[in-house]
Amino acid sequence: MILVTGATGTIGREVLRMLPAGLAVRVLAREPSRVAPRDRATEVVAGDYADTGSLERALAGVDRALVVTCRVGGDDDARFVRAARAAGVGHLVKVSAAAVADRGADDLVTRWQRANEDLLRDSGLRWTLLRPRSFMSNTLSWAASIAAERVVRGLYGTSVNACVDPRDVAAAAVCALTGDGHEGRVHTLTGPEPISAAEQTAQLGRLLGRPLRFEELSPRRARAVLRRRHPEAVAEALLASAERQHAGAKAGVEDTVLRLTGRAARPYRTWAEDHLEAFTAVPSSAGGR
């Protein structure tokens, strides 16, 4: 039995889609109605990390589990690991972040991920850590301004990031959940090449058949934008992340996707081609930024 958490999110949704048909799979979801139907071998348990009873129900009889948490600074990982240990789960596959290995990264989000990794290592359970770089899908946040103004706005538009297609992260997770030899392993996952936001903007423009403009934000303006969208500490963590990228900390490329899956990591252009519709159909209520 495999348990998938985060099944309505970026990675979990793809993992659920990729797991072999007929495999015994259970899903823990706050909103079961949002879980994409898979097959009759999939069971959905309504619950939350904060609900100990739902964790017990979800983890009963589970051998391996995918752990995806996103409440920065929260104790969701601790609650899940504690429940998994009590249930006798054999192996946890945790989605973390590549920044954990960056020596210069000491922001709130990275410290939280490091603490979660340490928690897992000290749990007494078998574990695998997946450390992806930024997701290519993060550029979906540009859809409204592209549709309304043909503009992408960001900080340090020429700095590069070896961002990764979420589908490649999910494929690596499936390998760890269904295969052997991943216990105690850390898999750093990147795309095939580093690419800048300005280059991504240009590629999207060519695919859409219309010119797009990248507008460079000053650090002061970027801070103001981020603080409107996120709590102050998270906004500052994102700014620190952008500074590290500007210094070249996120340019390194790994061949992990190829080694695990036998298929090379997808480039940004492929991801964009497969999601182009998202940049052309934006609700009228979406803002220009």
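**Helix H1 and its neighbours**

I started with the packing of H1: its buried residues pack against strands E1 (2-5), E2 (25-29), E3 (42-46), E4 (64-67) and E5 (91-95), and also against helix H6 (166-178). Contact here means heavy atoms within 4.5 Å. Helices (H or I, at least four residues) and strands (E, at least two) are DSSP runs, numbered from the N terminus. H1 covers residues 10-18, and its buried residues are Ile11, Gly12, Glu14, Val15 and Leu16. I take buried as under 20% relative accessible area, exposed as over 50% and partly exposed as in between (1.4 Å probe, protein chains only).

**Housekeeping**

I am working with a predicted model, where local features need pLDDT of at least 70 and side-chain atom pairs count only at pLDDT 80 or more, while totals for chains, interfaces and linings use all residues. Residues are numbered from 1 along each chain as its sequence is written, and side-chain values use heavy atoms, with hydrogens and water left out.

**Helix H9**

I checked the length of H9 (residues 232-246) next. The expected span is 1.5 Å times one less than the number of residues. For the 15 residues of H9 that gives 21 Å, and the end C-alpha atoms are 21 Å apart, so the two agree. The buried residues of H9 are Val234, Ala235, Ala237, Leu239, Ser241, Ala242, Arg244 and Gln245. They pack against helix H4 (108-121), strand E7 (151-155), strand E8 (160-161) and helix H8 (219-229). After H9 comes Gly248, with a positive phi near 95 degrees.

**H4 against H9**

At what angle do the axes of H4 and H9 cross? I get roughly 95 degrees, with the axes coming within 7 Å. Axes are lines fitted to C-alpha atoms, for helices over the stretch in contact, and angles run from 0 to 180 degrees between N-to-C directions. H4 and H9 are therefore roughly perpendicular; under 35 degrees counts as roughly parallel, over 145 as roughly antiparallel, 65 to 115 as roughly perpendicular and the rest as oblique. Leu108, Val109 and Thr110 of H4 meet Ala233, Val234, Ala237 and Arg244 of H9. By class I have five nonpolar, one polar and one charged. Ala, Val, Leu, Ile, Met, Phe, Trp, Tyr, Cys and Pro count as nonpolar, Asp, Glu, Lys and Arg as charged, and the others, Gly among them, as polar.

**H3 against H4**

H3 and H4 pack at about 10 degrees with their axes 10 Å apart, which makes H3 roughly parallel to H4. Asp77, Ala78 and Val81 of H3 make the contact with Trp112, Asn116, Leu119 and Leu120 of H4. This contact has five nonpolar, one polar and one charged residues.

Asp76 lies in H3 (residues 76-87). Is Asp76 buried or exposed? It is buried, because its relative accessible area is 6%. Leaving out residues up to four places away in sequence, Asp76 touches Tyr49, Thr69 and Arg71.

Pro132 lies in strand E6 (residues 126-132) and is buried, also with a relative accessible area of 6%.

**Cysteines**

I looked for disulfides (a pair of cysteine sulfur atoms within 2.5 Å) and found zero. Cys70 counts as exposed at 65% relative accessibility, and Cys163 counts as buried at 6%.
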